[in-house]
Amino acid sequence: MNQILSIDNNPQKDKGKKNKKKDKIKNNQPIEIQTILKFFTISILVFGICIIGTGSYSMYKESTKQVAKTKPTIYVEETSEDQILLKVTHDKELSTISYNWNDEDANYVSCNGKKTAQTTIEIPSGTNTLKVYASDINGQEIEYQKAYTKESDININIEAEGNNLKVTANGINQLQYMTYRWDEEDETRIDSESNQIEETIEIPRGLHKLTVIVVDINNHTETKEQDVNGVTKPKLDVSTDGENFIIHASDEQGLSKVEFIINEVDKYRLDLEAELSPEDRKEFEYAYPLNDGENKLEVTIYNESGVSETFRAKFNKE
């Protein structure tokens with residue numbers, strides 16, 4: 001008996017399916033590789049651009065920071081025995097320039113947004129320290145200081161003389177004139193034909209600044225400023241009634257204390273601020289017994305500003 005084995009009689013169909021599948025695999029491989037390569041290429045390019053951009057920005061910021069940190073430059077030159085040339089330069093606009101001697105008030109030099117400014121400074125007599133300050137529009141600042149010594153041809157002396165001031169000026173050369181003023185008031189001028197000028201000036205009440213300027217025949221100039229607290233001295237008189245010596249004292253502000261010494265040995269002190277009211281301390285009277293025989297007496301009174309007055313006398317008690 002013949003058996004018939006049934007098989008697929010269409011082998012071409014299977015072969016075609018296999019070929020299609022094989023072609024599909026072959027065709028997919030290069031497409032996926034190209035996509036991956038493109039992705040990595042673009043990623044590397046973007047990453048590189050980011051790194052370059054970040055580096056450039058950092059370099060720009062650092063460059064900007066360095067430019068902002070530059071400071072003005074101060075030049076100081078002695079052009080003569082009496083003068084200094086001060087010059088300030090910068091690569092940016094200047095904001096403030098000032099200078100002063102020692103601890104005096106600052107003098108300001110006009111900048112007006114310039115990159116360079118200069119001025120001439122007079123050197124005062126004696127030993128003094130010049131201090132210079134400069135800043136730019138970015139707030140960058142610099143300071144400079146140096147001590148200068150200048151021998152003076154003119155000497156000015158100011159001393160108290162009662163309720164006045166005695167001003168004396170002496171010069172190596174003949175003096176032309178002296179001027180003085182209180183605060184910003186008008187000047188008073190005293191002409192001269194010698195090497196010395198003396199003037200007694202009344203002190204106004206309160207705290208004031210006295211400015212004295214002296215000029216000699218060679219036009220050398222000397223200036224002196226002094227703060228003066230104008231107060232009147234207390235009034236003091238001492239008398240005796242035969243048995244006691246009597247202190248009579250008064251002051252517009254008020255007396256603070258009284259001290260007296262008898263025969264250079266016995267010393268006494270009265271603290272009026274602790275004992276009397278402010279009103280009662282404007283007029284004060286005090287009696288103290290005399291010793292037998294000679295009494296060498298020295299009495300000193302003080303007001304609230306520390307200004308004093310002294311009286312000396314001898315009294316005898318029989």
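# A tour of the predicted model

Begin by selecting Lys92 and Thr70, whose side chains are joined by a polar contact of 2.4 Å; a polar contact here is a pair of N or O atoms within 3.5 Å, where, within protein, one must be able to donate a hydrogen and the other to accept it, and residues adjacent in sequence count only if both atoms are side-chain atoms. The model is a predicted one, in which local features need pLDDT of at least 70 and side-chain atom pairs count only at pLDDT 80 or more, while totals for chains, interfaces and linings use all residues. Residues are numbered from 1 along each chain as its sequence is written, and side-chain values use heavy atoms, with hydrogens and water left out.

Stay with Lys92, which is placed in the loop between strand S2 (83-89) and S3; helices (H or I, at least four residues) and strands (E, at least two) are DSSP runs, numbered from the N terminus. Lys92 is buried, with a relative accessible area of 12%, where buried means under 20%, exposed over 50% and partly exposed in between (1.4 Å probe, protein chains only).

## The aromatic pairs

Select Phe260 and Tyr268 next. The structure holds eight aromatic pairs, and the rings of Phe260 and Tyr268 have their centres 5.0 Å apart with planes at 20°, so this pair is stacked. Rings of Phe, Tyr and Trp (its six-membered ring) pair if their centres lie within 6.5 Å, and planes under 30 degrees apart count as stacked, over 60 as edge-to-face and the rest as tilted. Phe260 is buried at a relative accessible area of 1%, whereas Tyr268 is partly exposed at 32%.

Tyr268 lies in strand S18 (residues 266-271) and Tyr288 in strand S19 (residues 283-289), so the pair ties together parts that are 20 residues apart in sequence. Extending the selection to Phe245, Phe284 and Tyr286 shows the cluster that ring pairs form with Phe260, Tyr268 and Tyr288.

## Charges over rings

Two further selections each set a charged end over a ring, meaning that NZ of Lys or CZ of Arg is within 6 Å of the ring centre and within 35 degrees of the ring normal. The charged end of Arg189 sits over the ring of Tyr177, 3.8 Å from its centre, and that of Lys257 over the ring of Tyr302, 4.5 Å from its centre.

## Two positive phi angles

Most residues other than glycine have a negative phi. Select Asp183, in the loop between strand S10 (175-182) and strand S11 (188-191), where phi is positive at about 55° although the residue is not a glycine; Asp183 is partly exposed, at 28% relative accessibility. Then move to Asn263, in the loop between strand S17 (255-262) and S18, which has a positive phi of about 55° and is not a glycine either.

## A loop serine

Finish at Ser277, in the loop between helix H2 (272-275) and S19, which is partly exposed with a relative accessible area of 32%. Selecting Gly254 as well gives a pair 23 residues apart in sequence and 9.3 Å apart in space, C-alpha to C-alpha.
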